[in-house]
Each structure stands twice: as C-alpha cells, then as structure tokens.
Amino acid sequence: QLTPSSFLRIGQLSNVDLNEDVHELETEVPRQRPNEIPHNEKLLSLKYESLDYDNSENQLFLEEERRINHAAFRTVEIKRWVICAMIGILTGLVACFIDIVVENLAGLKYRVVKDNIDKFTAKGGLSFSLLLWATLNASVVMVGSVIVAFIEPVAAGSGIPQIKCYLNGVKIPHVVRLKTLVIKVCGVILSVVGGLAVGKEGPMIHSGSVIAAGISQGRSTSLKRDFKIFEYFRRDTEKRDFVSAGAAAGVSAAFGAPVGGVLFSLEEGASFWNQFLTWRIFFASMISTFTLNSVLSVYHGNAWDLSSPGLINFGRFDSEKMGYTIQEIPIFIFMGVVGGILGALFNALNYWLTMFRIRYIHRPCLQVVEAMLVAAVTATVGFVMIYCSRDCQPIQGSSVAYPLQLFCADGEYNSMATAFFNTPEKSVVNLFHDPPGSYNPMTLGMFTLMYFFLACWTYGLTVSAGVFIPSLLIGAAWGRLFGISLSYLTKGSIWADPGKYALMGAAAQLGGIVRMTLSLTVIMMEATGNVTYGFPIMLVLMTAKIVGDYFVEGLYDMHIQLQSVPFLHWEAPVTSHSLTAREVMSTPVTCLRRIERVGTVVDILSDTSSNHNGFPVVESNPDTTQVAGLRGLILRSQLIVLLKHKVFVERANLNLVQRRLKLKDFRDAYPRFPPIQSIHVSQDERECMIDLSEFMNPSPYTVPQEASLPRVFKLFRALGLRHLVVVDNRNEVVGMVTRKDLARYRLGKEGLEELSLAQT
C-alpha cells in the first residue's frame, strides 16, 4: 500500500513537468500509480530556476567591453533594432497564418454542418446532424490535445502566465523553445476550429515571445543549428529584453493595438525598464501590426486598403450615434461591479477545477479524453440551444455568415445560431454591432449562462487556447442584455443603445477575470478605434478590478500560484518590516576558495542534496581555520564550462599560465549548460588546482545581515538578481538570499504567512 511518506516524497506535481514526474512515480511506487496526487497550493516548487538579469562583471567581461570601441557599440545597437524589426515581421506572419488557416477550416466545418442541418430539417432526423457536429469537434480537438499532452505540455493554456513568469525572472522549462511554438500554433488552430470556447489571441503573446527568444539568440537548440549571428546577445539580460518585445508584438498582432502591447509588457512583465527599451518594443509592436495588416489585406484581395490591423476587429464605433451622457456613468460603474463579481466567480470555479485536474487528471491520456469530452459537450449544448430557441429574425439586411433556418419561416434565420454557430470572434462583433432588436433577451440570457460554464470548464484543458475572447463574449452577451432591459425601462430612449453596453459589459467581464487595468483600457480603445469611450472603459475596468480583488485574485496570478512558481510581485508584503535578512537567508552556504582543488569543485557540483547554483568565493589562506572574507561569486554554469575545457593546472606548478578561455566559450554553452554528470574528470585531474580569480564576479551585490526584508526585496527585484550574498560586519559570508527565500513570504488572510518549499 501507499504509505504517507511515499506521498510526501512524491510531493506535488505541477502542470508543467507531468511526464517526467510520472516516470519518477513509477520508479518509487512499484506497479501501482496513485489515483490522487496530493496538491497543496501553500508550497513553492524548487524545480524552477531564476534568470540572471545581472551581468557577471568578471575580468573576461571587462576585457571584452574595453576592447569594443564606440563604432562597435553602434553596430550592436543597430543589431538590436534589426532583431526587433524581425520579431515584428515574424510575429505578424505567424498571426496571419493562424488567422487564414482558422478561417478556412472553420468555414469548411460550418458549411458541412449547415448543409447537413438544412438537409435533415426538411426530412427529420436531426440527431444525425448533432452527431456529425459533435464528432467533427471532438476529433479535431483530439488531435490538438494529443500533440500538446504528449509532445509539449508547456504549450497548454494561453501561455500568458508562463511568459509573465519568464519576464519576472523565473526560468520555466521549455517555455521559449521552437518546439513549443510549433505545437502552440497547431494546437490553437485545432482548438478554435474544434469549436471550443476559446480564443486565438492569448497564445499569440506566447508565440511572439518564443519568436523573440529564438531570433535574438541567432540559433535554435531544438534544430541544433547555430547561425553564428547575434552572439553578443547570448545571456539572460538581453534575451529577457527581447522576450518582452516579443510579448508586446504578440498583443499588438492579436488586437491591432501597438500601444496596448507596450503597456502590457510594462504592466504584466518586465521588472527592468528604460526608455530605449520602450522605444524598441513600440517599434516591434508597430511592425507586427503593420505586417499582419498588409498580408491580410492582400489575402482579402484589397491590397491598398489596410483595414484589418489585428486578429480580432471590433469594428468601428461611431462617436456621433454612440456618445455617452453624464447620467450613464453610474450605470457603467454598476456594470463594473457586476463584471467584478462574475469574474471572481469564474476564477473561483476555475480554481477548484484546476485543483481537481492536478490531483486526478494528471496522465496525458486522461487529459486528451477530457478535452474531447468538453468539445463534444460544447457542440451538444450549442445544438440543443439552437434547437430549442424560437427566436427568429429576418435575413434581409443582416450580415450573418452561416444563417441556420431550422424551424423558422422562409426568409428568416435562428438568432441563437449567430451566437453559437460561429467562431467566437465573429460572435463578439455581431453582439457589438447588430442593430437593436436582433436578439431576444431570453436568447442572450441562456447564452450567457451556458457559455460562462463552458468557458470556465475549457480554460485549463490540455489544449492551447486563450481566455480573452470567451470573456469578451460572455461580457458582450450580458452587456447587450443589460442594454435591452434599460431601453425597456426608459421606453426606448435614444441613449440606451445595446451595442455600447455590450462593449462595456465585455470590458467589465474581461477585467473581472484577468484584472489588467492600464493595458486593457488601451487595448479596448485601440481595438474599437474610439477614444470617446476611454473614460467609461477605464471606470469599468477599475471597478471590476477593485471588486474582483476583494474576493479572489486574477486568473493568471492564480494559475502561477497553483503551479507553485516563486513569483516576485512589485512590492514586498506590507507587514514584513519586522523580518531581517538573517531570518530570510538560506544557510549554510557552500563557499569555494579562490584557488580550489578540482576534486572539491566536482564533489560540490555533484552533490544533489544542496544543488546550489551560486557559490561565494572566499580568500584562500590554507593555514588559518577562520572563515575568510568574501572575494567574489561564481555560478555553477561557469564552473561547468571551466571543467569542460579543463582549465586547471597541477599543484606543483601553480605559476603556470592556465588555458585562456574567451567569453565566447561561455556564450556558446548558454542556455543549456551540460549537467555535471556528463563531464568526466579523471583521478589525477581531481588533484589539480583551479584558479577562479578571472572568472568569478569580483563585485557581487551584498547586504548586511541586519537589512530588513523590504529593503532586500527592493534590491533583488529592481536589479533582477539571482543571488544576493548576506555578510556580517567583517565581510564574512553568513548566508545567501535567492528568489525562493523572498517569494516564500506572502500576505494571507490572517497576515504574513510563510510557504513551505517542496522538492518537486
């Protein structure tokens, strides 16, 4: 039987590494797999590493920087601009590819099902149509789910939480690989075509980030090709800047909102920010939306008319017809409250669902089955709703792509079908722009209710899919309903236009679910092409965020927390001034001497129990016993490169010159440094000595042990550090602060709480 101790060893599986962990389970508990995995959200996982935003200023680095003259720096700057332009162009092209493929495949599917329904409505036997629709959906989603579950589990979901973590400085395995990009693009096409309640906008942000990470390194580790370009940018500092540009380009391609993209990067992502970076990111976003626009215009056959700036186009809102008056502002604020409450409900339901999924649905085959089930249920619900709806509208003057007649009179179509029998993007636009009276209130109410639960069930499946469009659609439906009931109450007064309230409802619902403020306001303004609504949208989003935060946190933050990622927020917890660095730091620290035996280094690196990544270097006086003062800091990756290139000399001739390494040797090994097990060191070599003086960072950041937690936090977060050495007043190393030590402290309901660390 399973003993509690084996459960503790298994600890906690997060969504990211399922395959590896299941193999570990098989080795630990022979012949039986646990059906339930205990999962505790009050844990921080130790399997995530930090990115090092701080350059190691060792002698090699300083020599290289001194060799570079002013002209060479200018070429580096030009290269940065070129990379940003390439990021923009490629992100735009990927967005075009997704859009065109989805449009054709979904169009084909809806035409087939529509012909089938029209055929069977006349002669009875509509259950065949339902079967056809459900089977088409389930089979398409099955393919999309299989590639994600079995090939690259990181590509599941929208990818925004993962990119948020990456820009925060957490290295999530496989998140910016080429393989992830391919799976992401195919997966999102299949899940949208499969009729799930998902959007293709969220994954664009992830795709843009992968493209940026790939281009800026000038090589692909998945393809094992090195193009020998952009080698200067092979370090975390540069890569992270380019990834934030890629995320912005993704937003801007998805919504046609370049400024919104820059603000998204600023609000959700980068911890380090400067003016030049902002300008480059804006450039990448502009290029991306322009590329998408021109390619789609050529594809739609009007080459000179740039009319589709983003994947989703909300259409124009005319300011003349649709202004707003002072007395509507309280109504908008009320809508914000509703959006916040509904968003909090959505997040709470999704939280319980995700906990259930982590505990029970952790095998890839089960995940695929669940995705197919959701697809079939979505089709069935849509079909039943259309079948039972008696809401008929005349076809003339309406712009419905696939009008379903069903039991309506000739020349009329079923208006429930415009909501369900369409890709979600088109449904949103219809809800915004259809003339008043196109929808029955009953239709809208039923649609909102069903779609709310479907979207909630769908987010967190093992398919690539975003939550932006479903939230907009839910909000637009209840907002339109709200507008219709207002015009009933006011006897059809002119200002109660349902389209305007649909827009506000959409903003409120999306703000209540994802809790973005600044960037979302600008994205909504740019996507509708209307500045008039800036103030009401801002009010609605602020209210939705305040109300929602009172109940539960935003969807993305919740998923980050469920995956136990050591995420650092903008500020330290407010009540943490009583803690000092001495209480927060990790001890004991493994120190290396400046001239160290190779055997000692190999043993320290091979020790799996400590598994440190940064080692303080202390002065080596072999005769004395006391701990010597701090001289520098060296990273595991640097030591591994030194051992790999065998940079050491025998003890007898210490004054011999060691083999000179260039900084290029370290860059070529980045980002996947070989594990220590793959490096062979013979018995004789273990006795050699290795001199760390020119490879260590001689000026690491240190704090005294009396520093308060907010002070340590601010230094760590603003500089994007990975290691912060704690010293006493004699400059001797007493501890080390890493990301996990700071992320452990969180404000809970009762005040400051400390999370425990889990090995998995």
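Predicted model: local features only at pLDDT ≥ 70, side-chain atom pairs only at ≥ 80, totals over all residues.
The second largest pocket lies between domain 1 (329-563) and domain 2 (581-758), because both domains give residues to its lining. The pocket has a volume of about 1,600 Å³, and 49 residues line it.

**The pocket between the domains**

- Closest to the centre of the second largest pocket are Glu553, Asp557, Gln561, His569 and Arg746.
- Helix H21 (residues 555-562) supplies the largest share of the lining of this pocket, with six residues.
- Sorted by class, the lining of the second largest pocket holds 25 nonpolar residues, 16 charged ones and eight polar ones.

**Aromatic rings**

- Searching the whole structure turns up 23 aromatic pairs.
- Tyr550 and Phe551 form an edge-to-face pair, because their ring planes stand at 80°, and a plane angle over 60 degrees counts as edge-to-face. The centres of these two rings are 5.3 Å apart.
- Tyr550 is exposed, at a relative accessible area of 69%, whereas Phe551 is partly exposed, at 48%.
- A cluster linked by ring pairs brings together Tyr110, Trp133, Phe383, Tyr387 and Phe421.

**Arginines over ring faces**

- Arg235 sits over the face of Tyr232, and its distance from the ring centre is 4.8 Å.
- Arg717 takes up a position over the face of Trp570, at 4.6 Å from the centre of the ring.

**Backbone geometry to check**

- Thr587 and Pro588 are joined by a cis peptide bond, with omega at about -10°. Pro588 belongs to the loop between helix H22 (581-584) and strand S8 (592-593).
- Ser564 is not a glycine, yet its phi is positive, at about 55°. This serine is part of the loop between H21 and H22. Ser564 counts as buried because its relative accessible area is 1%, and buried means under 20%.
- Asn731 also has a positive phi without being a glycine, with a value of about 60°. The loop that holds Asn731 runs between strand S14 (724-727) and strand S15 (733-737). At a relative accessible area of 32%, Asn731 is partly exposed.

**Residues apart in sequence, with their distances in space**

- Leu51 and Lys239 are separated by 188 residues in sequence, while their C-alpha atoms are 10.0 Å apart in space. Leu51 is in the loop between strand S2 (49-50) and helix H3 (59-67). With a relative accessible area of 3%, Leu51 is buried.
- Lys184 and His206 are 22 residues apart along the sequence, and the distance between their C-alpha atoms is 8.3 Å. Lys184 is in helix H7 (residues 178-193). Lys184 is also buried, with 1% relative accessibility.

Definitions and conventions: Residues numbered from 1 in each chain as written. Heavy atoms only, no water. Phe/Tyr/Trp six-rings, centres within 6.5 Å; stacked < 30°, edge-to-face > 60°. Buried < 20%, exposed > 50% of the residue type's maximum accessible area, 1.4 Å probe, protein only. Lys NZ or Arg CZ within 6 Å of the ring centre and 35° of its normal. 1 Å grid on protein atoms, 1.4 Å probe; cavity = no way out; pocket = protein on both sides within 12 Å on 5 of 7 lines; lining within 4 Å. Points joined across faces, edges and corners; volume = space filled by probe spheres on them. Helix = DSSP H or I, 4+ residues; strand = E, 2+ residues; numbered from the N terminus. Nonpolar A, V, L, I, M, F, W, Y, C, P; charged D, E, K, R; others polar. Domains from an automatic or database assignment.
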